[in-house]
Amino acid sequence: MSVPNARLSKRSYDIIVFGCTGNAGRAVAYHVIRSAATSSINVALSGRSKSKVEKVLHGIRDELGDTRAQNDANIGIVIADACDEQSMLKLAQTTKVLISCAGPYGRYGEAAVKACVTSGTHYLDITGEVSWVERMLNDYDAKAKEAGVTLLPFAGYDCVPAELGLMLVDNALKTDDDSKLAEISLYFRAKGGGLPRGTLQTMLDGFEGKTPSKKQGDVRLYPKEYKKTAKRALSLLGSLVPKWSPSLGVFTAPNFMTVVNVPVLCRAASIFGVSSNLSISDRSVVSAKPTLLNGYGLFPTLLYILALIVGCLLLAFPPFRWWLRNRLNTYSYGGNPAGKVILDVYGRSACQKSATAHCVFPGDAGIYATGLFAVGVANALLEATTTVSKYPPPPTGFRTPVAALHRCRPGLIVEHLKRLG
């Protein structure tokens with residue numbers, strides 16, 4: 001278990017956001033500063049360019065227009081570069097919790113993990129790169145446990161909502177005669193979103209084979225007994241066809257984040273005590289309003305699936321990837337605070353008892369909501385690891401965020417997310 005210590009209590013900052021000048025990093029910084037404005041925590045922003053970090057800070061202060069946000073004494077700037085090991089170590093040594101937003105993580109992520117493990121700093125990130133997290137798990141998990149460090153990857157849209165949905169329906173079923181979850185269906189809807197630049201870069205790296213390679217003896221993110229569960233949920237043939245949802249009364253499409261959500265759900269299920277025979281369905285609802293005219297969502301779903309197939313075929317074509325990389329040099333998507341992420345979850349036990357959860361999160365999925373999720377996790381982790389915490393500390397090593405914080409106190413992460421709106 002993570003043990004709060006005097007070393008952390010003497011550090012200058014409670015939370016630092018590293019990589020705050022990117023689109024998603026800026027959103028995380030926004031929510032950190034907004035959160036600090038109503039609390040007594042000290043926060044800082046970090047990046048390799050002081051002028052760019054200052055620009056982000058000034059922009060957020062102007063956007064918030066808050067007296068606390070205007071106070072430079074409570075919002076620091078720490079310069080660090082992922083390619084400079086000593087600067088990363090100094091960065092980690094000045095904070096209790098580090099949020100790493102510098103991606104793609106396969107290129108730049110290891111430096112922050114290594115610095116946090118070395119300095120005894122708790123860590124989280126907003127990655128969706130499963131292969132990278134598995135590499136870090138195999139290389140640093142034992143060292144982190146020895147150092148008493150909690151590491152929480154997947155703390156953004158990938159994959160807090162999915163893991164939260166699993167926790168909610170599992171808890172509901174356990175409350176009802178201790179029924180055990182055997183089947184879970186997740187339906188995601190997004191309003192007013194776009195693809196972040198970092199996500200597109202990660203996709204390109206994946207198509208070009210620029211992902212961490214496995215080594216002999218490596219363990220997966222989830223226990224081996226969940227391998228069949230993951231394989232069934234990730235079946236390409238089963239995912240690509242439209243599926244009818246009797247609960248929502250609409251045809252659904254594959255969720256392109258399934259490749260990230262499923263491994264995380266399998267890992268979380270093992271922590272929550274859910275059977276390895278769990279059936280997982282992770283789908284997207286693309287029809288704004290199912291009607292007879294659109295085939296109750298069938299026609300837009302077919303168009304969406306066709307677009308996914310065409311997109312994958314284009315990404316497999318090297319000249320298109322070259323063109324897209326060049327376009328990304330000037331591409332920027334700052335997010336949409338007016339957007340929404342809607343998640344409906346349906347759980348069923350082996351004895352056919354059911355539970356449901358309906359969640360609505362503000363903002364677009366990739367930027368605004370990701371920032372909110374990450375800061376909710378960071379604030380909960382900070383609360384759980386302070387020397388005056390009333391709760392059991394989170395387990396050490398690499399963990400999924402919702403499951404780890406639930407072990408500190410049920411409802412801890414939900415409370416912090418609600419405080420952020």
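**Figure 1. Leu64 in helix H3 of the predicted model.** Leu64 belongs to helix H3, which covers residues 50-64, in a structure that is a predicted model. A second residue, Glu146, may be located for comparison of positions along the chain and in space. Leu64 and Glu146 are 82 residues apart in sequence, and their C-alpha atoms lie 41 Å apart.

**Figure 2. The open sheet of 7 strands.** The strands follow the order E3-E2-E1-E4-E5-E6-E13, and their pairing is parallel. Strand E3 (75-79) and strand E13 (397-398) form the edges; each has a single partner strand, so one side of each is left without a neighbour in the sheet. Helix H4 (residues 85-93) packs on this sheet and touches strand E1 (13-18), strand E2 (43-47), E3 and E4. The direction of H4 makes about 125 degrees with that of E4. Helix H15 (residues 365-385) also packs on the sheet, where it touches E1, E4, E5 and strand E6 (150-152). Between the directions of H15 and E5 the angle is about 165 degrees.

Figure 3. Strand E1 is mostly covered, as 6 of its 6 residues are buried. E1 is joined to E4 in the parallel sense by 5 bridges, and in this pairing Val17 has Ile99 of E4 as its bridge partner. E1 is also joined to E2, again in parallel, by 4 bridges. Here Ile15 has Val43 of E2 as its bridge partner. E1, helix H2 (residues 23-36) and E2 together make a right-handed β-α-β unit. When following a strand in such a view, the reader may recall that in a regular strand the side chains alternate between the two faces of the sheet.

**Figure 4. The pairing of strands E4 and E5.** Strand E4 (residues 95-100) and strand E5 (residues 122-125) run parallel and are joined by 4 bridges. Within this pair, Leu98 stands opposite Tyr123 of E5.

Figure 5. Gly76 is found in strand E3, and its relative accessible area of 8% places Gly76 among the buried residues. Leaving aside neighbours within four places in sequence, Gly76 is in contact with Tyr13, Val43, Ala44 and Leu45. His406 lies 330 residues from Gly76 along the chain, and 31 Å separates their C-alpha atoms.

**Figure 6. The open sheet of 6 strands.** The order of the strands is E8-E9-E10-E7-E11-E12, and the pairing is mixed. Strand E8 (243-245) and strand E12 (354-362) are the edge strands, each of which pairs on one side only. From one strand to the next, the twist averages 35 degrees. E9 and strand E10 (residues 279-284) run antiparallel and are joined by 2 bridges; Ala253 has Ser284 of E10 as its bridge partner. Helix H13 (residues 298-315) packs on the sheet and touches E9 and E10. The direction of H13 makes about 5 degrees with that of E9.

**Figure 7. Thr252 and its surroundings.** Thr252 lies in strand E9, which comprises residues 250-254. A relative accessibility of 1% means that Thr252 counts as buried. Not counting residues up to four places away in sequence, Thr252 touches Tyr187, Val241, Pro242, Lys243, Ser245, Arg283, Ser284, Val285 and Thr301.

**Figure 8. Helix H8.** Helix H8 (residues 160-175) has 16 residues. From its first C-alpha to its last, H8 reaches 22 Å, close to the 22 Å expected at 1.5 Å a residue.

Figure 9. Cys101 is buried, at 10% relative accessibility. For Cys116, the closest cysteine sulfur is in Cys101, at 12 Å, and this is likewise too far for a bond. Cys116 has 0% relative accessibility and therefore counts as buried.

How values were computed: Residues are numbered from 1 along each chain as its sequence is written. This is a predicted model: local features need pLDDT of at least 70, side-chain atom pairs count only at pLDDT 80 or more; totals for chains, interfaces and linings use all residues. Side-chain values use heavy atoms; hydrogens and water are left out. The expected span of a helix is 1.5 Å times one less than its number of residues. Two strands pair if DSSP finds at least two bridges between them. Contact means heavy atoms within 4.5 Å. Axes are lines fitted to C-alpha atoms, for helices over the stretch in contact, and angles run from 0 to 180 degrees between N-to-C directions. Buried means under 20% relative accessible area, exposed over 50%, partly exposed in between (1.4 Å probe, protein chains only). A crossover is right-handed if, with the strands pointing away from the viewer, the path from the first strand over the helix to the second runs clockwise. A disulfide is a pair of cysteine sulfur atoms within 2.5 Å.
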